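Visitor: Can you walk me through this one? I have it open here.
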Amino acid sequence: MKKASYLAVLAISICLSSCMTSFGINFDLITGGTYEYKVPTRVENAFEGEIGPATNEGKTLAEVRLSQGKHVLPSLGKATVLVLPISFLGSSFGPSFQSDLAHALNGAAKDTQYYESVTSFYQKSSYGKCQLQFEIAPVYFTTHSPESALTSTDTSQGEDKGAYFVQHAYAKYLEGKSKEELARFDANGDGVLDAVMGVYSCRDSKLAQYANDPLQYFGAYTSWVNPDESLLMPMSCYSWLSYDYLYRYADLSSPAVDAHFFIREVGHMYGLESYGKYVGGLDNADGGTLDHNAFSKLILGWAKPIVAKGKGSLNLNASIIDGECLLLPSSASGAMNPFGEYILVEYYSPQGLNARDAGRSYDGSPKGYGRSGVKVYHVDARLEQKEYPVLHLMESGKTNTFEKDGKASDATLFASGYTFDIATFGESFFPKKTTMNNGEGFPYRIHIDSLGAASCRLSVE
Ligand SMILES: [Ca+2]
(Lines give C-alpha, C1' and ligand atoms only; values in the text may rest on other atoms or scores of the structure.)
Protein backbone atom coordinates (compact mmCIF):
# COMPACT_ATOMS: atom_id res chain seq x y z
CA MET A 1 0.00 0.00 0.00
CA LYS A 2 1.48 3.31 -0.95
CA LYS A 3 1.76 6.14 1.47
CA ALA A 4 -0.75 8.86 0.96
CA SER A 5 0.03 12.41 0.19
CA TYR A 6 -1.92 13.60 3.15
CA LEU A 7 -4.49 16.23 3.36
CA ALA A 8 -3.19 19.69 3.60
CA VAL A 9 -3.13 20.66 7.22
CA LEU A 10 -4.73 23.90 8.06
CA ALA A 11 -2.59 26.01 10.28
CA ILE A 12 -4.82 28.69 11.56
CA SER A 13 -3.70 31.87 13.14
CA ILE A 14 -5.86 32.49 16.11
CA CYS A 15 -6.79 35.88 17.35
CA LEU A 16 -7.74 35.80 20.99
CA SER A 17 -9.15 39.27 20.94
CA SER A 18 -12.70 39.54 22.08
CA CYS A 19 -13.29 41.98 19.26
CA MET A 20 -15.42 40.24 16.70
CA THR A 21 -15.67 42.52 13.78
CA SER A 22 -12.54 42.33 11.75
CA PHE A 23 -10.32 39.41 12.50
CA GLY A 24 -9.89 37.05 9.64
CA ILE A 25 -8.62 33.53 9.33
CA ASN A 26 -5.32 32.86 7.66
CA PHE A 27 -4.82 29.49 6.09
CA ASP A 28 -1.38 28.11 5.40
CA LEU A 29 -1.77 25.01 3.34
CA ILE A 30 0.98 22.58 4.19
CA THR A 31 1.09 19.34 2.28
CA GLY A 32 2.43 16.18 3.88
CA GLY A 33 2.14 17.55 7.38
CA THR A 34 0.62 15.88 10.39
CA TYR A 35 -2.84 16.42 11.79
CA GLU A 36 -2.91 18.92 14.59
CA TYR A 37 -5.72 19.52 17.01
CA LYS A 38 -6.09 23.26 17.39
CA VAL A 39 -9.07 24.97 18.87
CA PRO A 40 -9.30 28.68 19.57
CA THR A 41 -10.37 30.03 22.91
CA ARG A 42 -14.06 30.57 23.41
CA VAL A 43 -15.47 34.05 23.32
CA GLU A 44 -17.77 35.09 26.13
CA ASN A 45 -21.11 35.79 24.60
CA ALA A 46 -24.56 36.82 25.52
CA PHE A 47 -27.69 36.79 23.47
CA GLU A 48 -28.80 40.39 23.44
CA GLY A 49 -32.46 39.51 23.53
CA GLU A 50 -34.76 37.12 25.36
CA ILE A 51 -33.48 33.60 25.75
CA GLY A 52 -35.06 30.35 26.77
CA PRO A 53 -33.55 27.65 29.01
CA ALA A 54 -30.16 26.44 27.78
CA THR A 55 -30.69 22.87 28.86
CA ASN A 56 -32.20 19.83 27.28
CA GLU A 57 -35.74 19.53 28.49
CA GLY A 58 -37.01 16.70 26.33
CA LYS A 59 -36.21 13.02 26.27
CA THR A 60 -32.70 11.75 25.75
CA LEU A 61 -31.82 9.86 22.60
CA ALA A 62 -31.24 6.74 24.70
CA GLU A 63 -34.82 6.94 26.03
CA VAL A 64 -36.19 7.41 22.53
CA ARG A 65 -34.24 4.46 21.16
CA LEU A 66 -35.25 2.23 24.07
CA SER A 67 -38.89 3.01 23.27
CA GLN A 68 -38.05 1.67 19.79
CA GLY A 69 -36.55 -1.50 21.28
CA LYS A 70 -32.92 -0.48 20.94
CA HIS A 71 -30.45 -0.50 23.81
CA VAL A 72 -27.82 2.09 22.91
CA LEU A 73 -24.36 2.87 24.19
CA PRO A 74 -24.59 5.56 26.93
CA SER A 75 -23.33 8.89 25.53
CA LEU A 76 -22.61 10.47 28.91
CA GLY A 77 -20.02 9.27 31.42
CA LYS A 78 -17.95 6.12 31.31
CA ALA A 79 -18.67 3.15 29.09
CA THR A 80 -16.63 0.15 27.98
CA VAL A 81 -17.27 -1.52 24.63
CA LEU A 82 -16.34 -5.17 24.21
CA VAL A 83 -14.40 -5.79 20.99
CA LEU A 84 -14.42 -9.25 19.44
CA PRO A 85 -11.82 -9.85 16.71
CA ILE A 86 -13.25 -12.55 14.41
CA SER A 87 -10.89 -14.49 12.14
CA PHE A 88 -12.10 -16.18 8.94
CA LEU A 89 -10.34 -19.09 7.28
CA GLY A 90 -7.82 -17.98 4.70
CA SER A 91 -7.90 -14.37 5.92
CA SER A 92 -5.90 -14.09 9.10
CA PHE A 93 -5.27 -10.80 10.85
CA GLY A 94 -1.95 -9.11 10.10
CA PRO A 95 0.94 -9.48 12.60
CA SER A 96 0.52 -5.96 14.00
CA PHE A 97 -3.27 -6.16 14.15
CA GLN A 98 -3.56 -6.20 17.95
CA SER A 99 -1.43 -3.10 18.52
CA ASP A 100 -2.90 -1.28 15.51
CA LEU A 101 -6.46 -1.94 16.70
CA ALA A 102 -5.55 -0.89 20.24
CA HIS A 103 -4.09 2.38 18.93
CA ALA A 104 -7.12 3.07 16.73
CA LEU A 105 -9.61 2.39 19.53
CA ASN A 106 -7.92 3.36 22.79
CA GLY A 107 -4.75 5.24 21.88
CA ALA A 108 -3.82 8.86 22.19
CA ALA A 109 -4.44 10.79 18.96
CA LYS A 110 -0.72 10.75 18.15
CA ASP A 111 -0.58 6.95 18.41
CA THR A 112 -2.67 6.74 15.24
CA GLN A 113 -0.09 8.80 13.31
CA TYR A 114 -3.01 10.10 11.32
CA TYR A 115 -6.09 11.53 13.07
CA GLU A 116 -7.76 10.51 16.32
CA SER A 117 -8.42 7.26 18.09
CA VAL A 118 -12.09 6.52 18.71
CA THR A 119 -11.69 7.39 22.39
CA SER A 120 -9.76 10.62 21.77
CA PHE A 121 -12.29 11.63 19.11
CA TYR A 122 -15.26 11.17 21.43
CA GLN A 123 -13.53 12.77 24.38
CA LYS A 124 -13.12 15.90 22.23
CA SER A 125 -16.41 15.68 20.34
CA SER A 126 -18.35 15.43 23.62
CA TYR A 127 -16.22 18.12 25.34
CA GLY A 128 -15.22 15.56 27.93
CA LYS A 129 -18.78 14.41 28.63
CA CYS A 130 -18.19 10.82 27.53
CA GLN A 131 -15.27 8.62 28.48
CA LEU A 132 -15.17 5.60 26.24
CA GLN A 133 -12.96 2.58 26.54
CA PHE A 134 -12.60 -0.54 24.45
CA GLU A 135 -11.60 -3.94 25.72
CA ILE A 136 -10.23 -6.23 23.03
CA ALA A 137 -10.97 -9.92 23.56
CA PRO A 138 -8.77 -12.77 22.27
CA VAL A 139 -9.30 -13.60 18.59
CA TYR A 140 -12.28 -15.85 17.85
CA PHE A 141 -11.60 -18.30 15.01
CA THR A 142 -14.55 -19.30 12.87
CA THR A 143 -14.66 -22.50 10.83
CA HIS A 144 -15.83 -20.49 7.82
CA SER A 145 -14.10 -18.77 4.98
CA PRO A 146 -15.78 -15.50 3.90
CA GLU A 147 -17.31 -17.28 0.91
CA SER A 148 -18.65 -20.22 2.92
CA ALA A 149 -20.04 -17.77 5.49
CA LEU A 150 -21.99 -16.11 2.71
CA THR A 151 -23.34 -19.28 1.15
CA SER A 152 -23.95 -21.43 4.23
CA THR A 153 -27.51 -21.54 5.50
CA ASP A 154 -26.14 -22.25 9.00
CA THR A 155 -25.02 -18.64 9.26
CA SER A 156 -28.38 -17.08 8.49
CA GLN A 157 -30.97 -18.08 11.09
CA GLY A 158 -33.02 -15.01 10.30
CA GLU A 159 -30.26 -12.67 11.39
CA ASP A 160 -27.70 -10.95 9.23
CA LYS A 161 -24.28 -12.57 8.88
CA GLY A 162 -22.63 -10.03 11.15
CA ALA A 163 -25.09 -10.77 13.95
CA TYR A 164 -24.48 -14.50 13.54
CA PHE A 165 -20.72 -14.26 13.95
CA VAL A 166 -20.76 -11.62 16.68
CA GLN A 167 -23.22 -13.70 18.70
CA HIS A 168 -21.09 -16.82 18.32
CA ALA A 169 -17.89 -14.99 19.21
CA TYR A 170 -19.66 -13.47 22.21
CA ALA A 171 -20.92 -16.86 23.41
CA LYS A 172 -17.34 -18.13 23.24
CA TYR A 173 -16.11 -15.07 25.14
CA LEU A 174 -18.65 -15.71 27.92
CA GLU A 175 -17.27 -19.20 28.66
CA GLY A 176 -15.90 -19.26 32.20
CA LYS A 177 -16.88 -15.63 32.91
CA SER A 178 -18.84 -14.46 35.93
CA LYS A 179 -21.54 -11.82 36.05
CA GLU A 180 -19.24 -9.60 38.11
CA GLU A 181 -16.57 -9.70 35.38
CA LEU A 182 -19.11 -8.45 32.86
CA ALA A 183 -20.45 -5.56 34.93
CA ARG A 184 -18.00 -3.09 33.35
CA PHE A 185 -19.71 -3.63 29.98
CA ASP A 186 -23.04 -2.48 31.41
CA ALA A 187 -22.44 1.14 32.38
CA ASN A 188 -26.14 2.01 32.45
CA GLY A 189 -26.95 -0.98 34.62
CA ASP A 190 -29.89 -2.25 32.58
CA GLY A 191 -28.57 -5.82 32.57
CA VAL A 192 -27.82 -5.73 28.82
CA LEU A 193 -24.33 -5.38 27.37
CA ASP A 194 -24.03 -1.71 26.34
CA ALA A 195 -22.43 -2.48 22.97
CA VAL A 196 -20.16 -5.01 21.30
CA MET A 197 -17.98 -4.51 18.24
CA GLY A 198 -17.13 -7.40 15.91
CA VAL A 199 -14.00 -6.73 13.85
CA TYR A 200 -13.54 -9.31 11.09
CA SER A 201 -10.27 -10.35 9.51
CA CYS A 202 -11.23 -10.47 5.84
CA ARG A 203 -11.67 -7.55 3.51
CA ASP A 204 -15.06 -6.03 2.93
CA SER A 205 -17.30 -6.77 -0.03
CA LYS A 206 -16.39 -3.64 -1.87
CA LEU A 207 -12.72 -4.52 -2.08
CA ALA A 208 -12.88 -8.31 -2.10
CA GLN A 209 -15.85 -8.51 -4.50
CA TYR A 210 -17.19 -11.72 -2.97
CA ALA A 211 -19.33 -13.64 -5.41
CA ASN A 212 -22.24 -14.05 -3.02
CA ASP A 213 -22.65 -10.87 -1.06
CA PRO A 214 -25.34 -8.81 -2.78
CA LEU A 215 -26.50 -7.44 0.58
CA GLN A 216 -22.93 -6.52 1.53
CA TYR A 217 -22.83 -8.42 4.79
CA PHE A 218 -19.10 -7.85 4.71
CA GLY A 219 -19.43 -4.10 5.14
CA ALA A 220 -19.55 -1.71 8.09
CA TYR A 221 -22.79 -1.42 10.00
CA THR A 222 -24.41 -1.21 13.41
CA SER A 223 -27.58 -3.03 14.32
CA TRP A 224 -29.48 -4.67 17.15
CA VAL A 225 -30.54 -8.20 18.05
CA ASN A 226 -33.18 -9.11 20.60
CA PRO A 227 -31.45 -9.73 23.93
CA ASP A 228 -31.14 -13.48 24.64
CA GLU A 229 -32.11 -13.60 28.30
CA SER A 230 -30.57 -17.05 28.73
CA LEU A 231 -27.07 -15.55 28.45
CA LEU A 232 -25.07 -14.45 31.49
CA MET A 233 -25.42 -10.93 30.09
CA PRO A 234 -27.53 -10.56 26.95
CA MET A 235 -26.15 -8.49 24.06
CA SER A 236 -28.21 -6.26 21.79
CA CYS A 237 -26.28 -3.43 20.08
CA TYR A 238 -23.41 -4.52 17.87
CA SER A 239 -21.17 -3.13 15.16
CA TRP A 240 -19.55 -5.20 12.46
CA LEU A 241 -16.62 -3.98 10.41
CA SER A 242 -13.40 -5.05 8.76
CA TYR A 243 -9.95 -4.55 10.25
CA ASP A 244 -9.00 -3.39 6.76
CA TYR A 245 -10.79 -0.09 7.42
CA LEU A 246 -7.87 0.74 9.73
CA TYR A 247 -5.73 1.35 6.66
CA ARG A 248 -7.66 1.40 3.46
CA TYR A 249 -9.62 4.62 3.08
CA ALA A 250 -6.79 6.84 4.19
CA ASP A 251 -4.29 4.67 2.28
CA LEU A 252 -2.13 3.98 5.33
CA SER A 253 0.28 1.24 6.36
CA SER A 254 0.84 -0.11 9.87
CA PRO A 255 1.59 1.36 12.36
CA ALA A 256 -0.38 4.36 11.05
CA VAL A 257 -4.11 3.70 11.45
CA ASP A 258 -7.34 5.44 10.51
CA ALA A 259 -10.28 5.21 12.92
CA HIS A 260 -12.88 7.05 10.78
CA PHE A 261 -15.08 4.01 10.14
CA PHE A 262 -14.90 2.94 13.78
CA ILE A 263 -15.82 6.47 14.90
CA ARG A 264 -18.85 6.49 12.61
CA GLU A 265 -20.10 3.12 13.83
CA VAL A 266 -19.76 4.20 17.46
CA GLY A 267 -21.99 7.17 16.56
CA HIS A 268 -24.61 4.66 15.48
CA MET A 269 -24.05 2.69 18.71
CA TYR A 270 -25.02 5.89 20.52
CA GLY A 271 -28.26 5.75 18.56
CA LEU A 272 -27.53 8.26 15.79
CA GLU A 273 -29.08 7.44 12.44
CA SER A 274 -27.70 8.23 9.01
CA TYR A 275 -29.29 11.47 7.90
CA GLY A 276 -29.41 10.64 4.21
CA LYS A 277 -29.38 12.94 1.24
CA TYR A 278 -30.63 16.08 2.99
CA VAL A 279 -27.25 16.70 4.61
CA GLY A 280 -25.58 16.54 1.20
CA GLY A 281 -23.67 13.34 1.96
CA LEU A 282 -21.30 15.17 4.27
CA ASP A 283 -21.79 14.23 7.89
CA ASN A 284 -20.08 12.03 10.44
CA ALA A 285 -23.17 9.83 10.71
CA ASP A 286 -23.19 9.34 6.94
CA GLY A 287 -19.73 9.39 5.37
CA GLY A 288 -17.89 9.21 8.67
CA THR A 289 -15.88 12.40 8.22
CA LEU A 290 -15.68 15.64 10.25
CA ASP A 291 -16.94 16.19 13.78
CA HIS A 292 -20.56 15.38 14.60
CA ASN A 293 -23.10 18.07 13.74
CA ALA A 294 -24.86 20.27 16.29
CA PHE A 295 -28.12 18.26 16.16
CA SER A 296 -26.32 14.98 16.86
CA LYS A 297 -24.54 16.65 19.79
CA LEU A 298 -27.81 18.11 21.03
CA ILE A 299 -29.60 14.77 21.23
CA LEU A 300 -26.52 13.07 22.73
CA GLY A 301 -26.41 15.67 25.51
CA TRP A 302 -23.12 17.28 24.48
CA ALA A 303 -24.26 20.60 22.96
CA LYS A 304 -24.79 23.96 24.63
CA PRO A 305 -27.92 25.28 22.96
CA ILE A 306 -28.84 28.93 23.23
CA VAL A 307 -32.58 29.11 22.79
CA ALA A 308 -33.76 32.42 21.34
CA LYS A 309 -37.25 33.57 22.23
CA GLY A 310 -37.21 36.75 20.25
CA LYS A 311 -35.09 39.12 18.25
CA GLY A 312 -31.51 39.90 19.22
CA SER A 313 -27.85 39.40 18.44
CA LEU A 314 -25.11 37.15 19.69
CA ASN A 315 -21.59 35.90 19.27
CA LEU A 316 -21.89 32.19 18.60
CA ASN A 317 -18.80 30.15 19.34
CA ALA A 318 -17.49 27.68 16.80
CA SER A 319 -19.08 24.31 17.58
CA ILE A 320 -15.66 22.67 18.02
CA ILE A 321 -14.95 24.88 21.04
CA ASP A 322 -17.81 24.03 23.36
CA GLY A 323 -20.78 22.74 21.38
CA GLU A 324 -22.58 26.04 21.34
CA CYS A 325 -25.48 26.31 18.89
CA LEU A 326 -28.45 28.62 18.41
CA LEU A 327 -31.88 27.05 18.54
CA LEU A 328 -34.94 28.87 17.25
CA PRO A 329 -38.20 27.03 17.99
CA SER A 330 -41.00 27.46 15.53
CA SER A 331 -43.56 28.18 18.20
CA ALA A 332 -43.74 31.51 19.93
CA SER A 333 -43.71 29.75 23.29
CA GLY A 334 -39.99 29.23 22.85
CA ALA A 335 -40.25 25.77 24.37
CA MET A 336 -37.22 23.70 23.71
CA ASN A 337 -37.45 20.04 22.92
CA PRO A 338 -34.61 18.35 21.00
CA PHE A 339 -37.24 16.04 19.51
CA GLY A 340 -39.38 18.86 18.19
CA GLU A 341 -39.27 21.09 15.13
CA TYR A 342 -36.93 24.08 15.00
CA ILE A 343 -34.13 25.86 13.16
CA LEU A 344 -30.67 25.04 14.50
CA VAL A 345 -27.65 27.20 13.73
CA GLU A 346 -24.06 26.03 14.10
CA TYR A 347 -20.78 27.79 13.40
CA TYR A 348 -18.56 25.36 11.49
CA SER A 349 -14.82 25.88 11.54
CA PRO A 350 -12.17 23.73 9.77
CA GLN A 351 -10.23 23.29 12.98
CA GLY A 352 -10.10 20.77 15.80
CA LEU A 353 -11.75 17.50 14.83
CA ASN A 354 -12.60 18.99 11.42
CA ALA A 355 -9.02 19.86 10.48
CA ARG A 356 -8.00 16.44 9.13
CA ASP A 357 -10.98 16.12 6.82
CA ALA A 358 -11.29 19.76 5.72
CA GLY A 359 -10.83 19.77 1.96
CA ARG A 360 -10.35 16.00 1.87
CA SER A 361 -12.56 13.34 0.32
CA TYR A 362 -12.74 9.68 1.41
CA ASP A 363 -13.85 6.98 -0.96
CA GLY A 364 -15.86 9.26 -3.20
CA SER A 365 -17.54 11.18 -0.37
CA PRO A 366 -17.80 14.98 -0.70
CA LYS A 367 -14.78 16.96 0.45
CA GLY A 368 -14.97 18.13 4.05
CA TYR A 369 -15.79 21.82 4.35
CA GLY A 370 -12.53 23.68 3.92
CA ARG A 371 -13.55 27.05 5.32
CA SER A 372 -15.52 28.53 8.18
CA GLY A 373 -19.21 29.19 7.70
CA VAL A 374 -22.61 28.97 9.31
CA LYS A 375 -24.69 25.81 8.99
CA VAL A 376 -28.45 26.33 9.20
CA TYR A 377 -30.49 23.18 9.82
CA HIS A 378 -34.21 22.66 9.62
CA VAL A 379 -34.78 19.99 12.27
CA ASP A 380 -38.00 18.00 12.40
CA ALA A 381 -37.23 15.37 14.99
CA ARG A 382 -40.81 15.05 16.21
CA LEU A 383 -41.17 11.43 17.20
CA GLU A 384 -44.60 11.03 15.68
CA GLN A 385 -43.65 12.27 12.22
CA LYS A 386 -42.26 9.94 9.56
CA GLU A 387 -43.00 12.08 6.50
CA TYR A 388 -40.18 14.64 6.56
CA PRO A 389 -36.41 14.39 6.90
CA VAL A 390 -35.22 14.69 10.50
CA LEU A 391 -32.37 16.93 9.47
CA HIS A 392 -32.24 19.17 6.41
CA LEU A 393 -29.18 21.34 5.91
CA MET A 394 -30.12 24.58 4.20
CA GLU A 395 -28.02 25.50 1.15
CA SER A 396 -26.89 29.09 1.17
CA GLY A 397 -27.20 29.24 -2.63
CA LYS A 398 -31.00 29.03 -2.14
CA THR A 399 -31.35 26.11 -4.57
CA ASN A 400 -32.31 22.78 -3.05
CA THR A 401 -29.78 20.54 -4.81
CA PHE A 402 -29.73 17.86 -2.09
CA GLU A 403 -33.24 16.68 -2.97
CA LYS A 404 -31.78 15.72 -6.36
CA ASP A 405 -28.81 14.03 -4.69
CA GLY A 406 -26.56 17.07 -4.91
CA LYS A 407 -23.59 17.07 -2.57
CA ALA A 408 -22.54 19.55 0.08
CA SER A 409 -19.56 21.80 -0.57
CA ASP A 410 -18.01 24.94 0.86
CA ALA A 411 -20.69 26.90 -1.02
CA THR A 412 -23.37 25.26 1.16
CA LEU A 413 -22.22 27.24 4.20
CA PHE A 414 -23.65 30.68 4.96
CA ALA A 415 -20.96 33.36 4.71
CA SER A 416 -20.79 36.85 6.15
CA GLY A 417 -23.66 39.02 4.91
CA TYR A 418 -25.92 36.05 4.10
CA THR A 419 -29.41 35.69 5.50
CA PHE A 420 -31.90 32.92 6.16
CA ASP A 421 -35.66 33.32 6.42
CA ILE A 422 -38.65 31.24 5.41
CA ALA A 423 -39.86 33.85 2.93
CA THR A 424 -36.74 33.21 0.84
CA PHE A 425 -36.12 29.53 1.52
CA GLY A 426 -39.67 28.30 1.99
CA GLU A 427 -40.50 27.70 -1.65
CA SER A 428 -37.58 25.33 -2.31
CA PHE A 429 -36.77 23.91 1.11
CA PHE A 430 -39.99 23.69 3.13
CA PRO A 431 -42.69 21.23 2.09
CA LYS A 432 -45.42 23.65 3.20
CA LYS A 433 -43.64 26.59 1.52
CA THR A 434 -44.64 29.31 3.99
CA THR A 435 -44.67 27.48 7.31
CA MET A 436 -42.78 24.85 9.21
CA ASN A 437 -43.90 21.24 8.79
CA ASN A 438 -46.06 21.54 11.92
CA GLY A 439 -47.94 24.42 10.34
CA GLU A 440 -46.41 27.06 12.62
CA GLY A 441 -44.72 30.13 11.26
CA PHE A 442 -41.06 30.92 11.59
CA PRO A 443 -41.05 34.63 12.35
CA TYR A 444 -37.30 35.23 12.29
CA ARG A 445 -34.68 36.33 9.79
CA ILE A 446 -31.17 35.20 10.65
CA HIS A 447 -28.40 37.49 9.43
CA ILE A 448 -24.72 36.52 9.48
CA ASP A 449 -22.93 39.72 10.48
CA SER A 450 -19.34 38.45 10.51
CA LEU A 451 -17.21 35.31 10.81
CA GLY A 452 -14.24 35.20 13.18
CA ALA A 453 -11.69 32.57 14.17
CA ALA A 454 -13.46 31.60 17.38
CA SER A 455 -17.01 32.80 16.87
CA CYS A 456 -19.40 34.41 14.45
CA ARG A 457 -21.71 37.33 14.96
CA LEU A 458 -25.38 36.68 14.23
CA SER A 459 -28.49 38.82 14.32
CA VAL A 460 -31.97 37.42 14.74
CA GLU A 461 -34.32 39.93 13.19
CA1 LIG B 1 -26.41 -1.82 29.43
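Visitor: How much of the chain counts as buried?
Guide: Of its 461 residues, 48% count as buried, buried meaning that 20 or more other C-beta atoms, placed from the backbone, lie within 10 Å of a residue's own. This is a predicted model, in which local features need pLDDT of at least 70 and side-chain atom pairs count only at pLDDT 80 or more, while totals for chains, interfaces and linings use all residues. Residues are numbered from 1 along each chain as its sequence is written.

Visitor: And how many helices and strands?
Guide: There are 11 helices and 17 strands, taken as DSSP runs numbered from the N terminus (helices H or I, at least four residues; strands E, at least two).

Visitor: Where is M233?
Guide: M233 lies in the loop between β7 (221-224) and β8 (237-242).

Visitor: Why does M233 count as buried?
Guide: Because M233 has 20 C-beta neighbours inside 10 Å.

Visitor: Which residues does M233 touch?
Guide: Leaving out residues up to four places away in sequence, K179, L182, F185, D186 and L193; contact means C-beta atoms, placed from the backbone, within 7 Å. F185 is 48 residues from M233 along the chain, with 9.3 Å between their C-alpha atoms.

Visitor: Switching to helices: at what angle do α3 and α8 cross?
Guide: Roughly 55°, and the axes of α3 (residues 118-125) and α8 (residues 260-269) come within 9 Å. Axes are lines fitted to C-alpha atoms over the stretch in contact, with angles from 0 to 180 degrees between N-to-C directions.

Visitor: Which residues make that contact?
Guide: V118, F121 and Y122 of α3, with F262, I263 and V266 of α8.

Key. Buried ≥ 20, exposed ≤ 12 C-beta atoms within 10 Å, placed from the backbone. Contact = placed C-beta atoms within 7 Å.
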